[in-house]
Amino acid sequence: MAPIFCADCGTECALVDGRDVDAHNPEIADAWVWACPVCPASWAHQDKDGGCVGLPAGQATVNARALLRLQVMVPLVRQAPPNEQTLAAARVRAFLADHLDLADQEGLLANLNLDQLRQAWRILHAATYDDVRIWAQRHRGTKRRTPASGEGVAA
Ligand SMILES: [Zn+2]
């Protein structure tokens with residue numbers, strides 16, 4: 001498995017008993033977590049395949065990820081019509097990943113470090129959902145090799 005690096009300092013993390021990271025946090029008392037040997041309280045949950053949920057990070061980074069979601073990403077998704085919210089959330093994530101030069105993936109936010117979060121804030125704060133939708137429609141053609149039926153037909 002690929003090594004896991006701390007989002008805050010870049011040090012390789014190790015899988016440890018949650019109790020050794022924070023004995024008072026019931027969330028991890030009975031779990032193995034990926035933790036940074038350098039930063040105090042920089043950790044992330046182990047995923048079901050033994051890998052890591054996002055990248056381990058300390059409280060400041062974890063808070064910044066939550067703020068970006070609540071104050072920028074959710075309002076952006078809410079600009080989409082109600083029946084388009086799920087698609088809109090995926091589009092906003094893909095839009096952000098593309099602008100940060102990262103692979104689009106589930107849980108993208110949990111992989112970001114503070115520098116990337118600052119960039120993400122600037123990118124998304126300046127965008128409207130229309131920008132995201134237009135970007136998504138433009139990019140759809142570049143990801144598929146052949147157009148789906150009904151698409152690419154000359155008008
Ligand atoms: Zn660290």
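User: Looking at A97, is it buried, partly exposed or exposed?
Analyst: In this predicted model, A97 counts as partly exposed, because 16 other C-beta atoms lie within 10 Å, and a residue needs 20 or more such neighbours to be called buried.

User: Where is A97 found, and what does it touch?
Analyst: A97 is found in helix α3, which covers residues 85–99, and, leaving out residues up to four places away in sequence, A97 touches L102, A103, D104 and L108.

User: Stepping back, which helices and strands does the protein chain have, and in what pattern?
Analyst: The protein chain has five helices and three strands, and, read along the sequence, these follow the pattern β-α-β-β-α-α-α-α. The C-alpha trace spans about 65 × 30 × 25 Å along its principal axes, and buried residues make up 25% of the 155 residues.

User: How is the chain divided into domains?
Analyst: The division gives domain 1, residues 1–57, and domain 2, residues 59–141, and the C-alpha centres of domain 1 and domain 2 lie 25 Å apart. The contact between them takes seven residues from domain 1 and seven residues from domain 2.

User: What classes of residue are on the domain 1 side?
Analyst: The side of domain 1 that touches domain 2 has five nonpolar residues, one polar residue and one charged residue.

User: What is A35 in contact with?
Analyst: Setting aside neighbours within four places in sequence, A35 is in contact with C13, A14, V16, V21, S42, W43 and P56.

User: What about helix α4, which of its residues are buried?
Analyst: The buried residues of α4 are Q116, L117, A120 and L124. Seen down the axis of α4, these buried residues fall within an arc of 100°, so they line one face of the helix.

User: Then what covers those residues, and what is on the face turned away?
Analyst: The cover over the buried residues of α4 includes α2 (59–78) and α3, while the face turned away from the buried side carries the exposed residues D115, R122 and H125. Helix α4 itself, residues 114–125, has twelve residues and reaches 16 Å from its first C-alpha to its last, close to the 16 Å expected at 1.5 Å a residue.

User: One last thing, what is the phi of A41 and of D101?
Analyst: The phi of A41 is near 60°, a positive value in a residue other than glycine, and D101 has a positive phi of about 60° although it is not a glycine either. As background, most residues other than glycine have a negative phi.

User: Where are they, and are they buried or exposed?
Analyst: A41 sits in the loop between β2 and β3 and is partly exposed, with 14 other C-beta atoms within 10 Å. D101 is found in the loop between α3 and α4, and D101 counts as exposed because it has 8 C-beta neighbours inside 10 Å, where 12 or fewer is the cut-off for exposed.

Definitions and conventions. Residues are numbered from 1 along each chain as its sequence is written. This is a predicted model: local features need pLDDT of at least 70, side-chain atom pairs count only at pLDDT 80 or more; totals for chains, interfaces and linings use all residues. Helices (H or I, at least four residues) and strands (E, at least two) are DSSP runs, numbered from the N terminus. Two residues are in contact if their C-beta atoms, placed from the backbone, lie within 7 Å. Domain bounds come from an automatic or database domain assignment. Ala, Val, Leu, Ile, Met, Phe, Trp, Tyr, Cys and Pro count as nonpolar, Asp, Glu, Lys and Arg as charged, and the others, Gly among them, as polar. The expected span of a helix is 1.5 Å times one less than its number of residues. The arc is that of the directions from the helix axis to the C-beta atoms.
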